[in-house]
Amino acid sequence: MEDDGKKILRTPLYDTACNQQSLQVDPESQTALDVVESEDLERAVQSVQRLPQETIPSITTKGPSQSSSLFNLPVEIFLLIAKDVLADSVMTHKAAYYGQLTELCLVCKGWADTIHNAPELWTQVDLYGSNELIEMVISRSGDFLLDIKGYLGSLSKARIVELEAHRWRSLKVQIDDRDLVNSFLSKPAPCLKELGLTGPADWVPHNNIFEATVPQLKAVTVYRCGLPWRSPILSDLRKLTLWSIEEHAPKLNDLLDFLSASPRLNELEIGWTHIRPDTYNPSRRVQLPDLYSLKVKYLYAGTMTAVLDSIDAPLSAACALCTRLDDEQEMAVGLADVSNWLVARAQSVRNGFGTLTLYVGYLDLGDWLSYEELDAVLKYEPEGDHLGPLSITVNASEELHVDILNHLAGKVYPYTKRSPPRLRLVSDHRSDLEDGNANLLCALHRTFPNVREIALIDLEYEAMVDALRLLFPQPGSGVSPLFSCLTTLTINRRSHEDWASWLQSHWRHTGKGGGVSPLPRNLTLQLEKGSIHTDGLQALQTLAPGRLSLHNVRLEGDDQQTKGQEE
């Protein structure tokens, strides 16, 4: 049981009741609870169906009888709690919702009666269940709107559910049969607000899907299949996601048409979808003033440029752009479309502060990507309430990552000369220190020499040591430190012991009498999260006396976290 406020009534909620009344459960009741724990759908269904007809397993008290608020709640309050308990299971694996419902019914007969007489608790229709279960759930839902989800593979199940099309509230289904999807989506759904459809890639949708009658539809997610892109159902939307659509993807003009028909769109995501520019007007642009989330991922090169050039999103929108760069592709050309968006964001800041996060790792991996290809990610977060973050992910060969990230960072530089951004390096890997072009920190020093704040996050030990060696070369070595204006260095790692020990050893004999002198530049050293031994802490206190800051760092051997403690 997770004690995070929202899940405190989750299983074993029954144990909570038992603890408050010193209850003893008989073996038959325990067997029923074990059925739920096994998450066996059909047996859980049998338990739910049996409860109204059979006697609820007996619960006897050991001690004196006493009242418990768990059993004397007003029905309205009880239903609010039950909905909160069930909320998380709606989005999890199959049968989770029904399993949770069964557990609540098994607590006592009063709870079971209340649940069976509360149609609002029976609105989740999971298509992974048997026909009998689905019929039972629908019958108990009364006149409430229904949320349908799961895999639909049989005509008999489809007929049961489509009879209730008039009260569908959300529909999130996968259908692999073309005839089945045509028949299932053929009736009006006047109450449908959210559609999530995974269909066969070769399905050619009819133009009269839902008989063009879904007046309340606000959110559409389509995976793998097409839709009648010129249908009036694609209008006045708030959320649209098109994912992995190849053969029957919309043409660019059609995309712009139904985007224009949804001027109040809030969220737009298009990924791995073969949008065809065809004969569109390059000067045509769609205004989406209410957009707060835009994600455009891995479109074909020409399509990516056309889509980004055709959408006017407010600077306050959070944007995520993902693209590929081939080895033979010229960087300035291959990254031109995403660079233009970065420049627009930087221009709007112009000498305002911001944060650049640079990351190398496995992100947005698809089956077609090899493990030799990583993603180079740059995220720009300008300060200001009217400006949203922009992240750019470039899938390319690993040897190109430093050049890619430095190229993108260079697009920000002209607009931040007076106010260099904070730099955050995440999961950077070791590179050749002798080759300044291959080291990200060296490259960024050439682009942003006046940076004052740097954060090193989850760096491998070798990469961490390399970074510290560049920032704090030993006196007398003839090597100049990078970022001479640096005032704050933040280090976030699972453990701080190894690098702290290395830095002390590296800096030893710099003080009088062979001692350790403080780090130069009156630099503030800030540690975040992770743990450190008291010996390591003392070493860092010597290196940064009065300028060591710890945030959520745990001292080894001490169960208490050090939060915001200034050393």
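This is a predicted model: local features need pLDDT of at least 70, side-chain atom pairs count only at pLDDT 80 or more; totals for chains, interfaces and linings use all residues.
## A buried arginine without a partner

Arg-345 is buried (under 20% relative accessible area, where over 50% is exposed and the range in between is partly exposed, with a 1.4 Å probe and protein chains only) yet takes part in no salt bridge. A salt bridge here is a side-chain nitrogen of Lys or Arg within 4 Å of a carboxyl oxygen of Asp or Glu. The nearest side chain of opposite charge belongs to Glu-381, 10 Å away; Lys and Arg count as positive and Asp and Glu as negative, while His and the chain ends are not counted.

What surrounds Arg-345, then? The residue sits in helix α13 (residues 336-349); helices (H or I, at least four residues) and strands (E, at least two) are DSSP runs numbered from the N terminus. Leaving aside residues up to four places away in sequence, Arg-345 touches Pro-314, Leu-315, Ala-317, Cys-319, Tyr-380, Pro-382, Gly-388, Pro-389 and Leu-390, a contact being heavy atoms within 4.5 Å. For Ala-317, the backbone oxygen lies 3.3 Å from a polar atom of the Arg-345 side chain.

Residues are numbered from 1 along each chain as its sequence is written, and side-chain values use heavy atoms, with hydrogens and water left out.

The protein chain averages a pLDDT (the predictor's confidence in each residue, from 0 to 100) of 80, and 78% of the residues score at least 70. Over residues 1-41, pLDDT stays under 50, and the model has 74 contacts beyond four places in sequence for them. Residues 363-372 also stay under 50, with 17 such contacts.

## Salt bridges

Unlike side chains can meet: those of opposite charge can pair when their charged atoms come close. The structure holds 15 salt bridges. In one of them, Asp-236 meets Lys-218 at 2.9 Å, N to O. Asp-236 lies in the loop between β7 (219-223) and β8 (239-243), and Lys-218 in the loop between β6 (194-198) and β7, so the pair ties together parts that are 18 residues apart in sequence. Both ends are partly exposed: Asp-236 at 23% relative accessibility and Lys-218 at 26%. The two also belong to a network of salt bridges that links Lys-218, Asp-236, Arg-238 and Arg-264.

Another salt bridge joins the side chains of Asp-257 and Arg-284 at 2.7 Å, N to O. This pair links distant parts of the chain, 27 residues apart: Asp-257 is in helix α10 (residues 252-260), and Arg-284 is in the loop between β9 (267-271) and β10 (286-287). Asp-257 is partly exposed at 40%, as is Arg-284 at 24%. Asp-498 and Arg-493 form a salt bridge too, at 2.9 Å, N to O. Here Asp-498 is partly exposed at 31%, whereas Arg-493 is buried at 11%.

Is strand β8 largely enclosed or open? Four of its five residues are buried, so β8 is largely enclosed by the rest of the structure.

β8 runs parallel to β7, with five bridges joining them; two strands pair if DSSP finds at least two bridges between them. Val-222 stands opposite Leu-242 of β8. β8 also pairs with β9 in the parallel sense, over five bridges, and Lys-239 has Glu-267 in β9 as its bridge partner.

Terms used: A polar contact is a pair of N or O atoms within 3.5 Å; within protein, one must be able to donate a hydrogen and the other to accept it, and residues adjacent in sequence count only if both atoms are side-chain atoms.
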